[in-house]
Structure formats: structure tokens, C-alpha cells
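Work through the exercises below with the structure open. Try each task before reading its solution.

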Amino acid sequence: MIALALFQPDIPQNTGTILRLAACLGVTTHIIGPTGFELSDRTLKRAGMDYLDRAALVRHTGWTAFQAWRRDGGGRLVLMTTKASAPYTGFAFAPDDIILLGRESAGVPDEVHDAADHGLLVPMVAGLRSINVAMTAAMALGEALRQTAGFPPMHQKGEADA
């Protein structure tokens, strides 16, 4: 199934928002350390709210550990980056893709760019730098789930959550 990966995130509110998104859509999130904040419920709670306990979260101590995990069965690494030339809207996502998002303050280093199987961008108005990482995650994940029929089944009106 499609997964998200965050490379050394440094804004806890964005990470909390992404974890909430992933929890609601049934997607695993991989956090590649080190983070720029203490990775705890306390730091993530405001944006993640009460969804954090429903988030499937895998922590990797660093890039090397993440790459070792990926070699053992991870799918294609699809990097969302402003340095790409191909828009995410024209990409054919696969069910086992891992959508990688860079650090808010610095993106990802060349080593990570080089390891990505594909680099994609969100088309934007010329002269603007980037879209918030949580918004980028939502846009790319939504398209990937749409293409792969990976959205969770819809609840019927009045149906209670388990």
C-alpha cells in the first residue's frame, strides 16, 4: 500500500498534520530521523489531535536505516521536490510507492535525491518557492490513492467509528 515518508522533519505541527492525514486514510508514515523536535505525542498533539493513536508510524534512526528497510521490501521512492521537472499529476503511481517529503527548512540532500526512483513537483505559479509540506503530502497522497484505488471504504451515513 502507498506510504508516506518524512525526511528529518523540523516542524512538529506539519508532522502532526501529516500523521492525522495518514491515520484518516489508513496510510503508514515513516519518519526518517533525526527530527528537529522531540518526536512525542506532546509536540504533535495540537495538529494531530486525537488521531495520533490511530496513526501507523514507523521510525527510522536515519537515512541509512530507512534505505536498509526499503531494500528489504519497500517500493519505489517518489520524492516530492521543487527541483523536479515532472508534475505529480502526470505520474503513474503504483500501490507500493513511498512518497517522500523533505525537511521543511532544507528539503533533502543530494544523496537522497540520487536515491529517489522518481522526483515530482506540484505545479505552481512562477516566482513562488514552495507549498507547505503537509499540503504537498495531501495533494500527492490523494492522487496516488485515487490512481491505485487505495482510499479506505466510505462509511454509511450514521455508521459509528469502531
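**Exercise 1: an aromatic pair**

In helix α3 (residues 63–71), Phe-66 and Trp-69 lie three residues apart, so about one helical turn separates them. The model is a predicted one.

Task: Classify the geometry of the pair formed by Phe-66 and Trp-69.

Solution. 
- Step 1. The ring centres of Phe-66 and Trp-69 are 5.6 Å apart.

**Exercise 2: burial of the two rings**

Task: Are Phe-66 and Trp-69 buried, partly exposed or exposed?

Solution. 
- Step 1. Phe-66 has a relative accessible area of 0% and is therefore buried, the limit being under 20%.
- Step 2. Trp-69 has a relative accessibility of 31%, so Trp-69 counts as partly exposed.
- Step 3. Both residues belong to one aromatic cluster, together with Phe-7 and Trp-63.

**Exercise 3: the nonpolar core**

Task: Which residues of the largest nonpolar core touch the most other members, and which element supplies the largest share?

Solution. 
- Step 1. The core has 26 residues, and Leu-4, Met-80 and Ile-99 touch the most other members.
- Step 2. At least two residues come from each of β1 (3–7), α1 (12–25), β4 (77–80), β6 (98–101) and α5 (133–148).
- Step 3. The largest share is that of α5, with seven residues.
- Step 4. A second, separate core holds 14 residues, including Trp-63 and Leu-79.

Key: Residues numbered from 1 in each chain as written. Predicted model: local features only at pLDDT ≥ 70, side-chain atom pairs only at ≥ 80, totals over all residues. Heavy atoms only, no water. Core = buried A, V, L, I, M, F, W, Y, C linked by side-chain atoms within 4.5 Å. Buried < 20%, exposed > 50% of the residue type's maximum accessible area, 1.4 Å probe, protein only. Helix = DSSP H or I, 4+ residues; strand = E, 2+ residues; numbered from the N terminus. Phe/Tyr/Trp six-rings, centres within 6.5 Å; stacked < 30°, edge-to-face > 60°.
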